[in-house]
Amino acid sequence: MNETAADVAIVGAGVIGAAIAFYLTRRGIRPLVIEKEDPAAGSSGACDGLVFLQSKKPGLHLELAIESRRRFEELAQVLGPEIEFRPSGGLCLIENEDELAALGRSIAAQRAGGLPVELIAGEEVRRLEPLVSERILAAGFSPLDAQVNPYALTFALLRAARAGGARLLGGEPVVGIETAAGRVRAVRTPRRRIAVPIVVNAAGAHAPEIGRLAGVEVPITPRRGQLLVTAARPPLLRHGLISARYIAAKFNPELARSGEMGFSLEQAESGNLLIGSTREFAGYDRRTSFEGIRAVARRVLPVFPALASLPVIRTFAGLRPYTPDGLPILGPVASMEGFLMAAGHEGDGIALSAITGEMLAAHIAGDSPRFPLEPFRLERFSTAEAA
Ligand SMILES: Cc1cc2nc3c(=O)[nH]c(=O)nc-3n(C[C@H](O)[C@H](O)[C@H](O)COP(=O)(O)OP(=O)(O)OC[C@H]3O[C@@H](n4cnc5c(N)ncnc54)[C@H](O)[C@@H]3O)c2cc1C
């Protein structure tokens, strides 16, 4: 067994682990990122790329997302065009009077929280997005909603982190965490022992497994999302698009189960359309199902009938790391010194990656994060910690 050492070990090379590594190296701290497969092998490589603000709950959730969105402008400059960041604006599509009333309330609260967002009429929606059918009554429009290539973002963050001195250990699962006297001492993979005083749990939907290795109970559940990819076409869509029902289903598991889960839609820079996605509690099963894919197609086609002729070239599923209150779990864990959480971003991890990376890096460097970590700590779930 190899013996080695690091100042900080990050478990997981998804977008969250990559962002933390990136922001740490900017502070002169050189972490070791340990990934059991390849970078972006988890949800960060099996998702949409919406950097959406309209889908965030007014309050902490939205404030965090706005702060993250601000950092994307800088990330796009530092990481370059390969991340395909596009400040395209986004539409949240409304199909009936109930949704109109609900979204009207949500927009008022979001505006009060500092988000530029407005309600626009159906004709205006069709002027902005000519493929939208008459079924749509109105939409929320925010110029801050944006898009990025999540896979490319993860790799670009890691590449920049490595240029700044971070190390990446790929294809090696963390299988053990050594602790003594209530603090972290080392992590183990099948091939080596790494002495390290700080371990960041950025294992996404697998964060509970890593938590258990340190005796910490983490209330994260995998929530599967199935997605369709169409053949590439010249530009058909100009904005990131979600239906109002998609936001409602995010915060209401009953609605998601009922099949009324709405849809998200975007056209990647490559020209392929991504049409998503289900929200299912199906354990760690990452297979797609005929029923799931059919449900997604049935939701989108009445609103975008022109897409019926587009060939679907691929389907895939990813596991959103779901927490009971919809917020990520971030920062130190009271019961285990040196063990930090950075997981549980559900369907928002791409959008929240930049601020998460910065907050964790600031804390590790001994600075006050731009956002207080307190409201995001594990201890907010009163029964969460192992006895
Ligand atoms: C269908 C779908 C659509 C989505 N759309 C959006 C969207 O439009 N916008 C948005 O912001 N978010 C979206 N999300 C959510 C987003 O994908 C996630 O929140 C984000 O990718 C989580 O990143 P992560 O780094 O925490 O987890 P992951 O990307 O899952 O990374 C965790 C990593 O940890 C590794 N790991 C696990 N166990 C171990 C171990 N023992 N040792 C070492 N490594 C380990 C895994 O292999 C994995 O690479 C979507 C998700 C899905 C499923």
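The model is predicted, so local features are reported only where pLDDT is at least 70 and side-chain atom pairs only at pLDDT 80 or more, while totals for chains, interfaces and linings use all residues. Residues are numbered from 1 along each chain as its sequence is written.

**Overall build**

The protein has 10 helices and 20 strands, where helices (H or I, at least four residues) and strands (E, at least two) are DSSP runs numbered from the N terminus. Its C-alpha trace spans about 65 × 40 × 40 Å along the principal axes. The radius of gyration is 20 Å, which agrees with the value near 21 Å that a compact globule of 387 residues would have; this radius is taken over C-alpha atoms, and the globule rule is 2.2 Å times the number of residues to the power 0.38. Of the 387 residues, 51% are buried, a residue being buried if 20 or more other C-beta atoms, placed from the backbone, lie within 10 Å of its own. Among the contacts with a separation of 6 or more, 74% join residues 24 or more positions apart, two residues being in contact if their C-beta atoms, placed from the backbone, lie within 7 Å.

**Domains**

The domain assignment, whose bounds come from an automatic or database source, gives domain 1 (2–45 + 151–220 + 326–380) and domain 2 (126–136 + 221–322). Taken over C-alpha atoms, the centres of domain 1 and domain 2 are separated by 30 Å. The contact takes 11 residues from domain 1 and 10 residues from domain 2. On the side of domain 1 that touches domain 2, there are four nonpolar, six polar and one charged residue; here Ala, Val, Leu, Ile, Met, Phe, Trp, Tyr, Cys and Pro count as nonpolar, Asp, Glu, Lys and Arg as charged, and the others, Gly among them, as polar.

**Ligand shell**

The ligand is surrounded by 44 residues, of which G14, G42, G204, G225 and G349 are the closest; a residue is near the ligand if its C-beta atom, placed from the backbone, lies within 6 Å of it. The elements that give two or more residues to this shell are α1 (15–26), α6 (207–213), β14 (221–230) and β18 (312–322). By class, the shell has 20 nonpolar, 16 polar and eight charged residues, and it draws at least three residues from each of domain 1 and domain 2.

**Helix α10**

Helix α10 (residues 353–365) has 13 residues, which should span 18 Å at 1.5 Å a residue, and its end C-alpha atoms are 18 Å apart, which agrees; the expected span is 1.5 Å times one less than the number of residues. Because 10 of its 13 residues are buried, α10 is largely enclosed by the rest of the structure. The buried residues of α10 pack against β2 (8–11), α1, α2 (60–79), β13 (198–201), β19 (329–333) and β20 (336–343).

**Positive phi angles**

Just after α10, G366 takes a positive phi of about 90 degrees.

Note on methods:
Buried ≥ 20, exposed ≤ 12 C-beta atoms within 10 Å, placed from the backbone.
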